[in-house]
Each structure stands twice: as structure tokens, then as C-alpha cells.
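Please look over the sequence and the model shown here. The account begins with one side chain and its surroundings, then turns to the chain as a whole.

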Amino acid sequence: DEAMEGEIQVTVIATGFETTQPLNQQRIKNRLSNQSFYNGSEKFAKNNRFGFFPSIGLGWILSNEDWFNEKLPDVNMFKLKLTHGLVGNDGISSADDRFFYLSEVNLQSDSYGYTWGSDFNNYYQGYVIDRYSNQNVTWEVAEKTNYGLELGLFNSLNFQIDYFTEHRSKIYMSRDYIPSTMGLTTTISSNLGEVDSRGVDLSIDYNKAFDSGLILSGRGNFTYSTNEVLINGEPDYTYDYLSRIGYPVNQAWGLIAERLFIDQADIDNSPEQFNGFSSSANSYMPGDIKYTDINNDGVVNELDRVPIGKPTVPEIVYGFGVSASYKGYDFSVFMQGVARTSFFINPNDISPFVNERNALNVIADNHWSINNPDPNAFWPRLSTYSIANNAVSYTHLRAHETVLDLVCRLLLE
């Protein structure tokens, strides 16, 4: 039995070489270092338990060179840096899903129980596999590279810029596209995902103390980071727009809301939505949302979902601020924000009258009604219960988010 009590990790660190040439005791000209990690985790089977993750870093402070100081005396810092390496991750699932090479069988399943006897009063719980063993699960690996530049001017102004890339492979994820005809009782997961990430990180700092007693400081930062799904185990879709390949991990998919239905004639002459004509649970009426039949097959369903908006996680994060101090007075302003992101308003959270909820002003002032049959109203017809047709992810309730928080502080001392 390969299972072990507690958690055991084995790490062997092999430090390579370093080269330093000090200009004086406080400053270092250049540095080259290499580290290699040989990690092991009890979570994986013996043949996939250990991983080798080397890394290397190179830095060169040109401003420590004599020839640099002679030509550019106002540049107090000029540093180039480069790092590249592999990082292993064994925390690829929940704590309950620990020993991937062992199967898990539920011997007391009510879902798969059975009854027998002449009066069928004898009930026994059944057996079901909650997890299939997988000897091939192993480390998730991230190949990271960073190019950096640090620049200091006049001993008061500092810039930093970093460009980074990451290729993450062997991402542990479920195979959600296995057909039910295989007869499996639970999902299958393995190291099948791959994602590419890249971005840039900028920062600027200014600090200056004047003879008059005035102290000024300022700081700004900007980060842009995006990613792209390369492999996720999806099938070959009939329609290319259903594929998640090439899109960010947090990209949202949904229906395109054209407008609200005008009347019953409008409904009768439009593609059927989610079997609404034959299913009372999905029925819809004038004032409900009309969606676009993307593939023109005469019905609106899951095959009409397309990528909507930006990722739900911001791709841009920025902030800046200034502060000043003079003879006991201090003034500071800080701002921060995010951009290139979208969020969805959940209709179930703001639907008026559902669960005795009040109506928001934006809904009360701009909703579809018999007296206001506006096909472009913000909110569809009102109801005391949730309407399935209007509760799916769609463009009508998407909002782009560019948030700017302003915090001002004035302290008198």
C-alpha cells in the first residue's frame, strides 16, 4: 500500500554557482546564480512522485562600472536582470483528493441502493466508485521567465519595469467532455491542461527632501497580465465559436440578448428558446428577453453561447498617489483601479418581488410593462417568481468595469 500517514515532502536543493565583483563593500557589480530543486510528494504514485525544477538568474548593475559613471553621472542605478526556471506544484486539488493513485469506493451509497423481497421492504445501500485511481497524475509545471530593468535618476527618481511570461503545463483538471455512454460513475481528472500567460509590470517612485523642510513623494504602478488557454481537453466542436481555446481562463460565455419580445406575434415568429414552447418551466411571454440564434438552426440553446466581454478577472491593475509633508502638515492622495474586465449582474440577486425583494431604482424607472412596452428597457417584465428565460448569462446584464477608488487624507498635526 503506497498511502502514508501525514504529509511527507522531500526537497533536495542543489545550488550552482555565483560570481560577484564588488565595487565596494556595499555595491555588487553582477551576479549569476543557479538553483535546482528535486522535489518529491507522497500524493503521486512512485513512478511520478519526484520532479526536477531548475532555475537560473542573472543580474548586472551597469551603474557600478567606472565607465558608466563617467558618461552618465546622473544615473545612480541602472540594472538589468533575467530569471528563468521551472516551478512544480503538487497542490493541484482539494485536500480530500489527496492520493491520486488510489481509488475511492463508497460502500454505503443511497443513490445506488436496491430493494428486494416479496413486499420490497428490504433496502440495502449500494457500492459506487467516487474516484478512479490514476497512476499517471504528477506535478503541475510552470516555466517562468522574467526580464527586468531598474533605473534610478538623481538619487530621487526610480523606475522599474518587468516583462514576464509563463507556460503552465500538466494542469490537473476534470475531463468534462466524456460521454455518459462510457458508464462511469464519476468524473475523470488528469494532467491535461496548458495555459500561456504574459504581462508587464511598471512602477515609478519619487522621493525628495528639500532644505526648506518640504518632503515630497509620489508612487505609481501599472500591471497588465493576460493568459490564453492552449489545451483543456474539449471535443472538436461543430461550431468554432464554442471552443475555449485561445481565450483567457476567466473568459465568460453567454447568449446575445437582442431585445425584449414585443408581443405574442413576435414570439411566434422567432426561434424557439430553450424548448419554451413545449416546456412550462422554460416558457416565456411578451416582455421577456429575445436571444440571437447564432448558428441559425431555428432554436436558441447552449449551442448559441459565444464569448462575452472581457475576462471576469481584471487584466489591468493600476494605482498612483502623492504625499507632501511640511512643518507638521501632511497631505496624501492615493488612487487605485482596475480595467479590462467585465462582470455580470445576477438576475436572481436583484429581481424585484422575488423572495419579497424590493425593486432597485434603475429597475423601477426602466422596466417593460403594458404601459411601457419598450423592447430596449433595462429590465424585462416583472414577476413574483424567477423566470428561467431571463436568468441565463447574456449580454443585456453585462457591465464593463473600470474602477477608480479615490482616498484623500488631510492630517493636521
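In this predicted model, the side chain of Glu166 is in polar contact with that of Arg168, at 3.1 Å. A second polar contact, of 2.3 Å, links the Glu166 side chain to the side chain of Lys144. Glu166 belongs to strand 8, which covers residues 157-174. Glu166 counts as buried because its relative accessibility is 15%, and the cut-off for buried is under 20%.

For the chain as a whole, 32% of the 413 residues count as buried. The secondary structure consists of 4 helices and 21 strands. Among contacts with a separation of 6 or more, 65% are between residues 24 or more positions apart.

Empty space inside the model is the remaining topic. Rolling a probe the size of a water molecule over the atoms shows where such space is left. Over the whole structure, the search gives 1 cavity of 30 Å³ or more. The volume of the largest cavity is about 130 Å³. Its lining is made up of 15 residues, and those nearest the centre are Ser351, Trp379, Arg381, Tyr385 and Ile387. Sorted by class, the lining of the largest cavity holds 9 nonpolar, 5 polar and 1 charged residues.

Definitions and conventions. Residues numbered from 1 in each chain as written. Predicted model: local features only at pLDDT ≥ 70, side-chain atom pairs only at ≥ 80, totals over all residues. Heavy atoms only, no water. Helix = DSSP H or I, 4+ residues; strand = E, 2+ residues; numbered from the N terminus. Buried < 20%, exposed > 50% of the residue type's maximum accessible area, 1.4 Å probe, protein only. Contact = heavy atoms within 4.5 Å. 1 Å grid on protein atoms, 1.4 Å probe; cavity = no way out; pocket = protein on both sides within 12 Å on 5 of 7 lines; lining within 4 Å. Points joined across faces, edges and corners; volume = space filled by probe spheres on them. Nonpolar A, V, L, I, M, F, W, Y, C, P; charged D, E, K, R; others polar. Polar contact = N/O pair within 3.5 Å; in protein donor to acceptor, adjacent residues only side chain to side chain.
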